[in-house]
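User: I have a model open and want a quick tour. Can we start with the sheets?
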Amino acid sequence: MDIDTPSPAPQSPPPPPPQSQDPYRDPLVHAFGDGITGNRVYPQLHEALGRLDALRGTDSDAALRQGPLDLDAVARRVLLLDPTDPVGNDEYGDLFRIALDPAMEHARGLATLAAFGLSLRGALAGQREMTAPDGTAYGRDWAGTPGESHGLVMDLDDVWEPTGLPDGQPQTTNPRPAQWRPGPGRPRPFVVVAGGTPHRVVVSTRDGSEFEAPIDVFTELLAMDPVLSGLPNNVPVLLVVPNAGGGQLELPRALADRLGRHVWSTSGNPIMQLHDDGTPVRIFLEQKPDVPRGDWIRSEPGEVLSHAALQATLSTQVTPTTQSSDVPEWERNLVSFTLVADGDGTRQIGRAEPTASPITVGARPGEQARHYNLHATPRGVGMPQKDGSTYVASDHEFTGWLTRRPSVRGLRDQDWIYLDSCWTGGVYGGNAGAFSNWAASVPPVPDPLADIPIAQVVANGTRKRVRAGDRAIAYSQATPHSPVWFAVYTDARGRPGRLLEFWPEPRDAELADLARTAGLHSGPGPVPRDVLDRTLRLVRALRHAFGPGVGPAFAPGIGQDPSYDDLLRGIGALELMRQNDPHLNDMGPFTLELFQRAALANLRDHGGGVRPPDVGAYRDLLARAAGASPGTRLTDFVRVPFLAMVTQRTRNFRDLRAAAIQVLRLDPGATVGPAEISRFYWAQVKSAEWFSSLPDVHTTALVALHLPAPDPSKRAELGWLATRAIAAGRDPYNVVELAAFHLEELGALDARTLTHDAHGRPNGRNWAPTSAPARSGRPGRGTAPRRMSWWPRTRGRAGPGSRCPVGDGSPYRTRRPPNSSPATPNSSPAPWRRRTSYSLSPGPATARCCRTRRCRTRRSRTPLSPPRPCPCGSPSSRPPAGSPGRPGARPCSAVLEPPGRSHCPAPPLRRALLPPPTGPARTRTTCSRRGCGPWPGPRRARRV
């Protein structure tokens with residue numbers, strides 16, 4: 001088509017729209033000059049540009065489809081040019097030659113035009129076919145030279161193991177049957193050999209030129225392949241492309257869905273071994289030190305999201321791959337790999353980060369499980385990035401990623417999601433996200449009916465059931481053939497972790513029905529938002545008492561509890577009693593503390609004795625509540641001690657907001673609303689319960705407040721110390737922990753108590769009036785000290801503490817004052833205001849170490865030096881019980897011994913055997929690579 005020379009006798013074309021209303025005139029004039037409007041082909045160009053503009057609106061690139069038409073950007077997209085390549089007359093001409101071709105009249109998108117352009121350049125020519133000796137084409141070779149794969153015989157029956165021997169020696173050994181092995185009803189696969197990455201494939205043309213085709217262009221190109229199109233639909237495609245099955249399987253899944261065929265890909269680097277003696281070409285995966293070899297993975301049609309499904313999770317129109325610009329950048333740059341069942345590459349069972357270990361399937365007969373093996377903290381999930389960094393995704397960001405995964409959307413009602421990630425099943429208070437030590441004593445969440453763990457957010461977002469551990473987890477196996485255990489670690493204080501289940505919570509429409517059942521709303525009108533929120537709190541309270549499966553059927557035959565409506569009416573009656581009670585109605589919403597204490601009081605007053613309430617006790621309470629008279633007050637219905645007393649005390653505060661801020665340790669400008677009032681109220685109730693249980697208040701005050709002698713005037717101070725400790729998530733029933741909290745309040749964890757090594761990195765705590773940090777930064781070296789004083793804060797809060805070095809293996813140190821006596825190892829003098837010292841037993845000193853943020857984030861192999869010498873002066877002695885090794889849950893070394901010589905046992909594991917797998921018990925993990933540039937084609941091993 002000649003668009004440069006005007007016709008000598010141009011016909012009268014239909015007049016284009018007026019210039020002011022024609023959006024395509026200026027781009028065409030920009031591309032071909034002012035004379036183009038009088039050219040005979042102008043109407044055709046105008047129509048073609050309209051089609052290009054329409055296709056632009058459905059492209060995966062948000063920058064391309066949004067805003068005004070950019071003809072240069074469209075040309076670069078179709079012609080596969082770099083963003084910096086100039087676009088001139090030749091490029092405009094090529095673009096419109098492709099767009100005006102009759103075959104492209106009904107193109108699916110710009111990717112189809114780009115693929116057609118590659119075919120015009122000879123990418124699908126005969127020179128690029130792989131043929132058998134008889135000339136039958138069975139594949140496409142875009143990695144070698146044109147014609148190199150004619151007459152090439154490949155071994156498609158087996159996959160081989162690498163020998164690791166140098167070139168010139170045998171490269172393969174131990175063949176095993178390939179999953180795509182031809183057989184009865186299983187035709188041989190169509191083989192595609194090329195270089196690239198998980199997101200781009202290098203396609204060679206007739207003249208040897210190479211183009212990096214994005215996923216959508218590559219899939220459209222193979223859809224045009226005349227050889228593949230002529231094969232039956234049951235012929236699979238074998239991608240011998242480096243790492244094509246890496247990342248999140250975007251490439252093979254998109255290809256399988258576009259072609260309607262099964263696609264085999266690898267998450268490793270395939271090598272084709274050629275022989276001079278006519279032996280068929282063998283395929284094996286390269287093995288390098290410290291690099292996972294990868295595996296072969298099968299993808300099937302239907303594993304990508306449709307446009308409608310994506311519209312449900314994203315706000316704008318996108319294509320069904322994570323290459324869309326609408327997907328968050330961290331998700332596009334995510335480095336993960338597919339978990340494949342060992343011996344059965346047809347079973348994709350989850351995703352993991354590159355350093356993850358093999359795991360069990362963990363599904364009962366008739367169920368499937370998808371595992372997601374990633375590092376996590378109590379506040380987010382670590383998503384490894386291509387640049388080596390880690391993006392910490394929030395609970396909702398992580399859930400959004402899962403909902404976009406076709407494998408998750410394809411799960412059935414009876415299937416499970418396993419979050420094989422630490423902490424995802426627990427919800428914690430304070431700055432829990434900063435603590436990653438597996439034994440950290442993380443404070444509990446103040447209101448578990450308001451704050452939910454990551455696993456519950458995932459269950460709500462995916463509408464699938466989830467299993468997760470509430471603390472650090474691991475998979476453990478005694479021998480290669482023994483069962484694999486799901487291990488949940490205890491914390492530093494011996495509190496066991498748990499493997500928990502999370503079921504999707506009801507959505508607003510369901511909550512509206514439940515609110516009416518509970519008696520919180522009547523009438524045909526819509527249920528107010530605050531009533532829906534109160535109903536959700538009651539639903540969560542019932543799950544805490546009766547388990548996650550309580551309620552109406554989650555799916556046919558799953559989770560049906562015929563008594564659920566009765567339970568809901570009972571807890572709804574309790575909530576109405578609370579609202580009617582002047583002692584409780586302004587002390588915050590319905591809480592788990594209130595529910596538990598009401599069940600305990602009901603059990604006590606009706607012949608059940610004083611014992612922790614069980615499921616039966618909760619049922620009895622709710623049955624009684626459902627039958628109570630309307631208008632009953634909760635404090636009349638059950639006799640819970642201290643509720644009315646604490647309510648009166650709370651109302652008597654002259655400045656309730658200031659009191660709450662002080663007890664809850666909030667910022668001075670923080671908002672104090674119903675949630676904060678509730679926390680303040682229940683901290684006082686729990687403190688009153690604790691105080692009433694003390695057999696000897698004076699002795700407890702002596703220890704907790706570090707008094708030199710009993711002092712009856714300190715009773716109130718002790719009570720408020722316990723209240724603040726409870727609000728901070730501490731356990732006042734452990735007087736050692738309470739005493740450590742007292743030290744923390746007095747400033748023992750202030751930044752000014754830190755010591756530093758020669759590089760300025762924190763390496764310990766100085767709790768002496770004058771101190772002498774060793775120049776080497778190590779204990780026991782006897783180097784000359786420098787003087788250092790600690791002056792407490794004006795308001796005075798001191799506390800427990802030790803300091804971990806950051807980034808090295810030097811011991812986590814506390815420092816014994818130079819004047820302390822080795823003959824008294826069970827005390828540690830601590831400086832105080834006006835240089836007052838307190839003699840500490842090992843318990844409070846240990847608790848201070850456990851509460852130090854760096855101790856709780858430091859890896860547990862780092863030894864910790866206690867603030868005292870060994871009891872017997874021997875370098876090899878173990879510290880006594882209660883020393884920093886136990887609560888700190890890390891190996892400990894005494895000050896007078898070299899680091900690492902004396903070790904305390906780590907906390908035990910709490911094990912839970914997973915449900916028996918229906919298939920192979922072991923799995924093999926496959927890994928994606930981090931390289932961003934295109935890989936060369938599969939290496940052809942030296943002929944031997």
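Analyst: One definition before that. Two strands pair if DSSP finds at least two bridges between them. Note also that this is a predicted model.

User: OK. In which sense do β10 and β13 pair, and over how many bridges?
Analyst: Strand β10, residues 263–266, pairs with β13 in the antiparallel sense. Four bridges join β10 and β13.

User: Which residue stands opposite W264?
Analyst: R298 in β13 does.

User: What's the strand order of the open sheet of six strands?
Analyst: The order is β1-β2-β5-β9-β10-β13. Pairing in this open sheet is mixed.

User: Which are the edge strands there?
Analyst: β1 (129–131) and β13 (296–299). Each of these pairs on one side only.

User: And how much is the twist from one strand to the next?
Analyst: In that six-stranded sheet it averages 25°.

User: Next, the open sheet of three strands. What order and what pairing?
Analyst: The order is β17-β18-β19, and the pairing is antiparallel.

User: Why is one side of β17 and of β19 left without a neighbour in the sheet?
Analyst: β17 (376–377) and β19 (390–393) stand at the edges. Each has a single partner strand, so one side of each lacks a neighbour in the sheet.

User: How many bridges between β17 and β18?
Analyst: Two, in the antiparallel sense, with β18 covering residues 380–384. Within this pair, T377 stands opposite G380 in β18.

User: Which strands does α12 lie across?
Analyst: Helix α12, residues 395–403, lies across β18 and β19. The helix runs at about 100° to β19.

User: Switching to helix packing. At what angle do α22 and α25 cross?
Analyst: Roughly 70°. Their axes come within 8 Å. The cut-off for roughly perpendicular is 65 to 115 degrees, and α22 and α25 therefore count as roughly perpendicular to each other. Helix α22 covers residues 656–664 and α25 covers 715–727.

User: Which residues make that contact?
Analyst: From α22, Q662, V663 and L664. From α25, W720, T723, R724 and A727.

User: How do those contact residues divide by class?
Analyst: Four are nonpolar, two polar and one charged.

User: Last topic, cavities. How many of 30 Å³ or more?
Analyst: Seven.

User: How much space lies in the second largest cavity?
Analyst: About 90 Å³. Its lining has 11 residues. The closest to its centre are W160, E161, R176, L285 and R293.

User: Which strands supply at least two residues each of that lining?
Analyst: β3 (158–162) and β12 (282–285). The largest share, three residues, comes from β3.

Definitions and conventions. Residues numbered from 1 in each chain as written. Predicted model: local features only at pLDDT ≥ 70, side-chain atom pairs only at ≥ 80, totals over all residues. Heavy atoms only, no water. Axes fitted to C-alpha atoms, helices over the stretch in contact; angles between N-to-C directions. Parallel < 35°, antiparallel > 145°, perpendicular 65-115°, else oblique. Contact = heavy atoms within 4.5 Å. Nonpolar A, V, L, I, M, F, W, Y, C, P; charged D, E, K, R; others polar. 1 Å grid on protein atoms, 1.4 Å probe; cavity = no way out; pocket = protein on both sides within 12 Å on 5 of 7 lines; lining within 4 Å. Points joined across faces, edges and corners; volume = space filled by probe spheres on them.
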